[in-house]
Amino acid sequence: MAGTIDQAKMKFSRIVNSRSYTRFSQSQNPDEDSSRVEVKLSVEGEEEEMDGTEQGHVQRDEYMRSSVSAPLNKWRILVCVGLILTVLCVGILIGYSVNRKSKSPSCPLENSEVQSTQKVQENQDVNYAPAPSMDWSDIVKLLNDKLSSENIKTKLRENSQRDRHAGSFLDSKLGDKIHDLFSELKMDPWVDEHYVKLQYPSSSNPNKVWFGSEEIGSPKGFLAYSETGREEGRVVYANYGELADLQTVQNEYKVNLNGSVVLMRAGNISMAQKVMNAAKMGAVAALIFPDQPDNETKLDDTELYGHVHLGSGDPYTPGFPSFNHTQFPPVKSSGLPGIIAQTITNKMAKKILAKMHSPENMNGSFSHYKLGPETDKVAVAVYNNLVDTKIHNVFGVIKGYVDPDRYVVIGAQRDSLSWGYAKSTVGTTLLMELARVFTELKKDGFKPKRSIVFASWTAGDFGNVGVTEWLEGYWASLDRKAFIYISLDGVVTGDGSFRASASPLLHTLLQNTLTKVKNIGSSSSFLQSYRGNLSPFLTSMQMDDAAYPFLAFSGIPSVSFSFVSKATTDYEYFGTDLDSKTELDRVTGQKVVDLSLVAAQVAGQMALRLVHDHILKLDVTTYGDVITKHVGGIISRVNSLKLDKVDKIESLSTEWLNAAKSSFGRAAASLAIDIQGSDLDDIEMCRIINNRIMKVEHNFLSPYVSLREIPFRHVFFGNGWQTATDLEKYLDDVHAKKASFDKDQVLNKFALLTWTIQGCANDLAGDIWSLDNEI
């Protein structure tokens, strides 16, 4: 009996006197970038038997005090409890005192709350209470109240300077001004430098154009990245230079374009596309002039600026970021057409057209086609120089309180080869104004859950060089952290209509935003003034759009929008010296400031919505419509080929492609159910759901193609053989007997498209046990 009592006393004594310790096991959560830390409390030998052998082990344990203790009594127990309570009270008081001192009077909540949130995320695996924030209606009201038309008007005047070409003194000066503003707003600004190749005309050897032996002129405008030298050939006028225009000239009018000089007017498609189309048809040179109505003369002597790179970024470092320390292989982008290209004025184009002799089967219309005999020859000489140039993008950030490593990017181009008022001045002004307003919102109590990055790009006039070099440098991490890009380039080019290009994930958010923004001089919303439906104003995103590299290269949902005069007509002064305050005031009816204010409200509300709500406002179901449209089009084309009894077509099945489409639909529906049934106060659960949403766009970048060979890998909005559009076009060509049916080629495209869609569906479904294995 005595032995039993002694053993009980010894066990109780061990519990009281032993030292407990904490064991941290750090493991990476696959759905997050941050580490999850597992906390385990342990008491040595808690379950061990207290026999003689075990006592010897206990005495050797470094975490154990001596197991030999004085007999227990109630006074000793009371003293121990009192000491423990005293230590706890002192610890609490010290912690409270230190916490009070750590809060800076100038920034009472920001640093301490962010650091506290980060420490909790690193050291615990618990549910957190979300950072308190303002009601959405209060945020919108504050945004609208703080946006200032006077500030916008002042900044437009200050930022309006011509010849801010990339890397120049004026470009750097404006970049420094933006950096200083971000510093004043305490936005932790930084600069991203790149060393790129830009092309400019030679100051000693100007570019020239001749008709026969007569010199037509020496234009000051130019097309960057043109081949250099002198070429001569038969001149052919081919309307807008679209591929259909050139094919009409060659097939219907039986004109061989090999060795020709193609004359085209600007508009409809980019200048890079025009030149590439001419190169594909065998032309040796391309001339482009600004289009204008026949009864106007405003553009007669206006110079035109642009580039011929059918791609994005520095064409001499394709797939690589142009950092100074990087050794680049001697390679050019496949988007360079490899022919001479030059812009000319409208007056020069009229001189050439007047000298051309139209054949009898042509009506000689200026707006369509005009062919001369082979004796009508034009010579073009281009002597542009490649210049190694240091450029820098400027960034500032407003950090989030819950997920600071997830961010919205708002950007604008600041450089220009001419005035660039609509193209870059307005956007840069709104970037600065939104940075000011968002900072003030934060001071007034708004706590964004995620971060907002403000970006000022340069070298945009050379083909989104600044944007693309940044994406190429950091794309491996950006696709997991940046979840949307909002472009402010060209947001005001007219009055009376609206146009937008966006990822399908953003269509619902854009429409809801436009239903809340008031139209100028009206009590109704902007969208109500335009029949309440966004669909007529949506267009496909073009390669020369600054948002395009984000979408098609990095898989980041992107949006660009513009107030325009006509939804189907481009702003005719882009790339000319007439892109000035005077002309933009004229085409908008003196509403530039008012329209800029509305544009700031649209961009601001979209950004704030995405950093305010627990769950990202990205509508996954809209991609289901895109997939259904393309898959349905492919199935329809295959069925047509089966009716045509094309050889080997019977073995081609669309079953698995259709099944992948259905898998995505089920995954999107499952996500909606998960969101509906989730506790939005559970930050960890919200983060997991948001990660599933963020991966959708990135998962549509085809993993089966080379990034260097096909940088725009997106299967729906990219450029290359991997796209659904390319497959549809190929099937159309087979049906029209323009191409022969290649079974292996089609099966390969079918397989890659099927598994890209299925892979996206699997990732969207979430955990591995939720994957759809029906395919």
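Just after helix α18, Lys 645 takes a positive phi of about 55°. Helices here are DSSP runs of H or I with at least four residues, strands are E runs of at least two, and both are numbered from the N terminus. The structure is a predicted model, in which local features need pLDDT of at least 70, side-chain atom pairs count only at pLDDT 80 or more, and totals for chains, interfaces and linings use all residues. Residues are numbered from 1 along each chain as its sequence is written, and side-chain values use heavy atoms, with hydrogens and water left out.

Let us turn to α18 itself.

Which residues of α18 are buried? Among them are Tyr 623, Ile 627, His 630, Ile 634 and Leu 641. Buried means under 20% relative accessible area, exposed over 50%, and partly exposed in between, with a 1.4 Å probe and protein chains only. In general, an α-helix has 3.6 residues a turn, so residues three or four places apart point the same way. The cover over the buried residues of α18 includes α13 (507–514), α19 (655–676), α20 (683–699), α21 (724–735) and α22 (743–765).

I close with the whole chain. The protein chain has 22 helices and 19 strands, and buried residues make up 51% of its 775 residues.

Definitions and conventions
Contact = heavy atoms within 4.5 Å.
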